Amino acid sequence: QVQVVESGGGLVQPGGSLRLSCAASGTGFSIYAMGWYRQAPGKQREFIADINSRDQPSYTASVKDRFTISRDNAENTVYLRMNRLTPEDTAIYYCKVVTVTGARMDEYWGQGTQVTVSS
């Protein structure tokens, strides 16, 4: 079993920045990819960014020029640096960890961290 814990959310003014962190812990697992999703009130959860075991990132178009995902493989941690935040970025941000064991892949989600962009 893998535990996933996000941190770093909070209240920020428009134009500000935040850095989210997500740490995976447990035993006997190998991480393939880690990523971030978000869910705004009344909307479906959407993909934001992810990064695979070769440190190759991918982003949704709406954040590509403002957000940066990075990964510390030694610490099983992924970060999301968010710049030039707007009220439309307000959401609960969730971390997803994809593990691989042989031919089997599993997904684990964190509980989410709230990001509120408001003046």
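Select Arg104 first: this residue is exposed, with a relative accessible area of 55%. Exposed here means over 50% relative accessible area, buried under 20%, and partly exposed in between, with a 1.4 Å probe and protein chains only. The model is predicted, so local features need pLDDT of at least 70 and side-chain atom pairs count only at pLDDT 80 or more, whereas totals for chains, interfaces and linings use all residues. Residues are numbered from 1 along each chain as its sequence is written, and side-chain values use heavy atoms, with hydrogens and water left out.

**Salt bridges**

The term covers a side-chain nitrogen of Lys or Arg within 4 Å of a carboxyl oxygen of Asp or Glu. In general, side chains of opposite charge can pair when their charged atoms come close. How many salt bridges does the structure hold? There are five.

Next select Asp89, which is buried at a relative accessible area of 1%. Strands are DSSP runs (E, at least two residues), as helices are (H or I, at least four), and they are numbered from the N terminus. Arg38 is buried, as is Asp89.

Asp89 is in the loop between β8 and β9 while Arg66 is in the loop between β6 (57-59) and β7, so the pair ties together parts that are 23 residues apart in sequence. Arg66 counts as buried, at 14% relative accessibility.

**Aromatic rings**

Clear the selection and show the rings. The count comes to two aromatic pairs. Rings of Phe, Tyr and Trp (its six-membered ring) pair if their centres lie within 6.5 Å; planes under 30 degrees apart count as stacked, over 60 as edge-to-face and the rest as tilted.

Select Tyr37 and Phe47. This aromatic pair is edge-to-face, at 5.5 Å centre to centre and 75 degrees between the planes. Tyr37 lies in strand β4 (residues 31-39) and Phe47 in strand β5 (residues 46-52), so the pair ties together parts that are ten residues apart in sequence. Tyr37 is buried, with a relative accessible area of 16%, whereas Phe47 is partly exposed at 26%.

Trp109 lies in strand β10 (residues 104-109) and Tyr37 in strand β4, so the pair ties together parts that are 72 residues apart in sequence. Trp109 is partly exposed, with a relative accessible area of 32%. Tyr37, Phe47 and Trp109 form one aromatic cluster.

Over which rings does the charged end of Arg45 sit? One is the ring of Tyr94, at 3.7 Å from its centre, and another is the ring of Trp109, at 4.7 Å from its centre. A charge sits over a ring if NZ of Lys or CZ of Arg is within 6 Å of the ring centre and within 35 degrees of the ring normal.

**The disulfide**

Select Cys22 and Cys95. The structure holds one disulfide, defined as a pair of cysteine sulfur atoms within 2.5 Å. The sulfur atoms of Cys22 and Cys95 are 2.0 Å apart. The link is left-handed, with -80 degrees about the S-S bond. Cys22 is in strand β3 (residues 18-26) and Cys95 in strand β9 (residues 91-101), so the pair ties together parts that are 73 residues apart in sequence. Cys22 and Cys95 are buried.

**The sheet**

Switch to a cartoon and select β1, β3, β8 and β7. They make an open sheet of four strands in the order β1-β3-β8-β7, with antiparallel pairing. β1 (2-7) and β7 (67-72) stand at the edges with a single partner strand each, so one side of each is left without a neighbour in the sheet. The twist averages 15 degrees from one strand to the next; axes are lines fitted to C-alpha atoms, for helices over the stretch in contact, and angles run from 0 to 180 degrees between N-to-C directions.

Finish on β1 and β3. Six bridges join these antiparallel strands; two strands pair if DSSP finds at least two bridges between them. Select Val4 to find Ala24 of β3 opposite.
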